[in-house]
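Please examine the sequence and the structure shown below. The paragraphs that follow then lead through selected features in turn.

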Amino acid sequence: MKRPVLILTGALFLLTFIIVLYRVIGLEYPLLPAAPGQTWQLLINIRIVPGSEEGVLSLGLPLEHTGKTIIEERVFSGRYSFATLKQGPNRIGVWSGEGIADPQEITYGATILYGPSRNSVSRSPLIGPYRSTLNREEQKFLQELAFTWGRLEPAARLKAIAAALNGDWGASRPKDAVIRQWGELSQKYDRADIALALLTAARLPARATEGLILTEGVYNSPKRWIEVWLSRAWSNLDPETGEISEAAAALLPLAVGEMPAASVRGAEVSDIRWMLRRQVLSNWSLHFQRIIHSDHLLDRWSLFRLPQEFQLTFRILLLVPIGALIICFLRNVIGLPTFGIFMPMLMALAFRSTGLLYGTVIFVGIIGVGFLVRSVLDKFHLLLVPRLSVILTLVIACFTMLALLGNKLGLREFMAVGLIPFVILTMTIERFFVIVEELGTREALLTTAGSTAVAIITYGIIRWETLQLTFFVYPELLLTVVALQIIIGRYTGYRLSEFFRFGSLRGSS
Amino acid sequence: MIIQGFRRLREAGVLGINSRNADYIMPHNARSALPSADNKVRTKELARKAGIPTPELLHVIENHGNITKILEVLKNIQGFVVKPAQGSGGNGILLISEASTEGFITQSGNVLSREDFAYHISSIISGIYSLGGREDTAVIEALIHPDPVFNSITYQGVPDVRIVVYRGVPIMAMVRLPTKASDGKANLHRGAIGAGIDIGSGITKSAVHKSRVVELHPDTGNYVKGMHIPHWDKMLLMAATAMEMTGLGYLGADIVLDRDRGPVLLELNARPGLAIQIANQSGLRSRLERADGALAGTSLSPDARVALAKELFGAGQR
């Protein structure tokens with residue numbers, strides 16, 4: 001390698017190293033941006049229509065719990081007054097107000113951090129009383145029914161009960177008459193209530209819970225499940241499916257026991273929504289809370305100072321040069337053929353919204369359709385620019401059809417098709433056709449495969465969160481990326497493909 | 001296994017595409033010199049000044065409006081070639097052997113309607129065959145009448161001799177022989193045969209067809225090896241002169257042998273391919289390095305460079 005190139009790349013590596021070192025030692029940044037715990041953004045939106053008397057709205061709020069920390073809370077109460085109160089295991093937000101004429105918007109927001117934690121509830125809770133709706137005879141029946149499971153371990157007992165709720169009695173199948181009576185009972189009551197009663201009869205501490213499953217989305221009503229105490233920790237039983245899960249990290253309980261997650265008195269709730277959104281970066285912002293107030297140059301110029309919505313963009317943008325680096329490598333060192341230079345990278349960015357499977361299928365599908373239309377078009381002898389315009393129109397028409405189809409089928413991935421770079425796709429169709437005509441179908445398919453492979457690899461990299469964070473925290477790593485790009489630019493060795501191409505020359509000398 | 005394979009390639013003196021671009025093309029071919037090879041009209045002009053024969057230029061079509069007018073003129077010409085001025089790899093070249101009432105008859109016997117022919121010219125002007133996709137011009141040249149000396153090892157088309165020239169020294173040469181599979185075209189990736197030529201004697205020594213070493217022409221069944229190329233010294237001199245003519249330090253000269261005119265410079269290439277190594281079963285890199293060693297600091301005339309090439313790369317010299 002030539003001397004100036006060596007000096008330049010060496011300087012770039014050194015500069016990266018010095019800045020990172022300064023951040024780690026001088027500013028005490030964590031050296032390895034360890035995979036952070038998950039942070040969730042909970043947002044509850046309520047539109048409340050006041051009545052004539054005093055209105056009171058009670059909402060179950062998230063609670064600091066095992067492995068769960070509430071980082072910050074924001075409340076917008078409109079003209080209502082707000083207070084929180086603790087009631088047993090619940091934390092309740094109460095909004096009250098009188099003489100309010102107009103409908104009010106109330107918003108509660110919280111940032112909740114889920115992380116590994118060792119502390120847990122140590123004391124066994126009491127076994128609750130039966131629900132008052134059950135009469136004495138029914139209670140007695142359930143106790144007799146549950147007697148068979150009495151000798152089982154709590155975990156096994158819960159499993160047997162969950163199975164029984166689904167009609168699977170296993171080896172200890174009671175008499176038909178008993179089963180008939182059980183059937184009548186389960187018809188009479190709500191599934192969650194009867195499950196709770198049966199658990200009580202089987203001497204397992206249990207409580208009904210309302211809350212949310214930790215997946216991104218908007219919900220109009222909370223989910224209900226039952227928490228069952230198994231000598232050390234709570235397990236969760238879904239009364240609808242009979243599924244048992246121990247992972248408390250996947251659920252966000254809001255109201256425990258007899259309390260509903262939302263209730264209102266003296267007014268009317270016209271709209272209520274629970275929103276959950278995952279946030280990786282805010283966890284990091286926490287680590288870097290200090291940065292916001294720090295006067296060090298590098299802290300003042302940190303990407304963490306950007307508004308949230310722009311931070312997201314830069315998390316992705318900072319990884320695009322790595323995508324380019326990979327393309328350099330695959331083309332100049334491996335010798336993989338691709339359509340154009342940056343087309344695979346733009347595809348990878350589009351895959352972020354369409355998903356890998358749908359993205360690839362849409363990509364290959366549209367090229368296929370485009371190829372057929374282009375073959376027909378060839379007979380009309382259109383001039384270059386109008387011909388490309390026709391293909392462009394076809395691509396847009398395909399997008400429209402896919403979006404409509406996606407809407408019909410409820411496939412968001414199809415509706416996100418508009419984010420695929422359509423100009424690039426148009427040029428790709430033309431290039432594909434020309435390659436088929438001039439170099440043959442094999443070469444064209446090889447190039448398509450190469451482009452898709454590069455797009456998938458790039459997609460995998462830009463989705464890698466730890467890498468995203470590392471670059472976000474240490475953007476100076478881009479200098480190293482440039483250095484690597486320069487090194488590949490000066491790679492004058494053989495390509496892997498030449499190993500095969502010049503195979504016949506390897507033996508001779 | 002791969003590392004070992006790479007070492008073997010290096011030992012055989014094979015030039016890879018990265019090294020060709022970074023070590024030879026970029027340092028020796030100034031960007032400003034590229035049009036003299038990339039644009040056929042310009043190459044012809046330079047060749048005329050240097051006294052190097054090229055195929056006779058009949059017409060240059062620069063815009064769509066002239067196409068119909070040209071069609072009338074072409075009707076009366078017996079045989080011609082249509083080429084994109086800035087094309088590469090033989091793409092967009094159309095060989096017409098005669099005009100008929102329906103249109104034009106190509107050399108492979110197909111009849112092209114006047115509309116199809118006009119469309120082809122218009123595609124050339126639109127730039128689909130040009131290197132950067134920019135607007136191009138269509139060039140109409142007189143048909144080459146190939147010397148019958150190659151008839152026994154050619155299937156239709158015109159065979160051509162490719163000579164790679166570095167710093168004005170002919171480095172390696174091959175003759176490209178059209179086959180049935182290549183549709184009469186002399187491009188290796190289309191299925192033509194490439195036969196390596198001994199620089200010293202002008203005799204073919206080895207041949208490849210579709211990346212495989214062969215001895216016989218697949219269509220005519222005759223030996224490709226051991227064929228003496230006529231006017232060999234003249235061809236070497238034409239190729240060597242191309243450096244002064246264009247200012248390109250690394251180029252490929254394509255020369256055809258015309259029945260009546262002898263060697264004719266068909267075109268120049270500023271990025272000649274590496275398949276010539278397979279045809280010669282020999283690496284370019286070691287020869288380039290030897291040329292560098294022999295040239296060090298000296299400035300030689302084209303004749304002296306041809307003599308140097310024969311001395312360095314002639315058969316007895318390996």
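In which loop of chain A does Arg203(A) lie? Arg203(A) is placed in the loop between α5 (191–201) and β7 (206–213) of chain A, where helices (H or I, at least four residues) and strands (E, at least two) are DSSP runs numbered from the N terminus. The model is a predicted one, in which local features need pLDDT of at least 70, side-chain atom pairs count only at pLDDT 80 or more, and totals for chains, interfaces and linings use all residues. Residues are numbered from 1 along each chain as its sequence is written, while chains are lettered from A and ligands numbered from 1 in the order in which they are written.

The phi of Arg203(A) is near 60°, a positive value in a residue other than glycine. Because 13 other C-beta atoms lie within 10 Å, Arg203(A) is partly exposed; a residue is buried with 20 or more other C-beta atoms within 10 Å of its own, exposed with 12 or fewer, and partly exposed in between, the C-beta atoms being placed from the backbone. In chain B, His231(B) has a positive phi of about 55° although it is not a glycine. His231(B) belongs to the loop between β11 (212–214) and α7 (232–246) of chain B, and counts as partly exposed because it has 17 C-beta neighbours inside 10 Å.

Chain B as a whole contains ten helices and 13 strands. Of its 318 residues, 46% are buried.

Two packed helices are described by the angle between their axes and the distance between the axes. In chain A, helix α12 (residues 356–378) packs against helix α15 (residues 422–439) at an angle of about 60°, with the axes 9 Å apart. Axes here are lines fitted to C-alpha atoms, for helices over the stretch in contact, and angles run from 0 to 180 degrees between N-to-C directions. α12(A) and α15(A) are therefore oblique to each other, since angles under 35 degrees count as roughly parallel, over 145 as roughly antiparallel, 65 to 115 as roughly perpendicular and the rest as oblique.

The two chains also meet: their contact takes 27 residues from chain B and 20 residues from chain A, two residues being in contact if their C-beta atoms, placed from the backbone, lie within 7 Å. On the side of chain B that touches chain A, the largest share, six residues, comes from α1(B).
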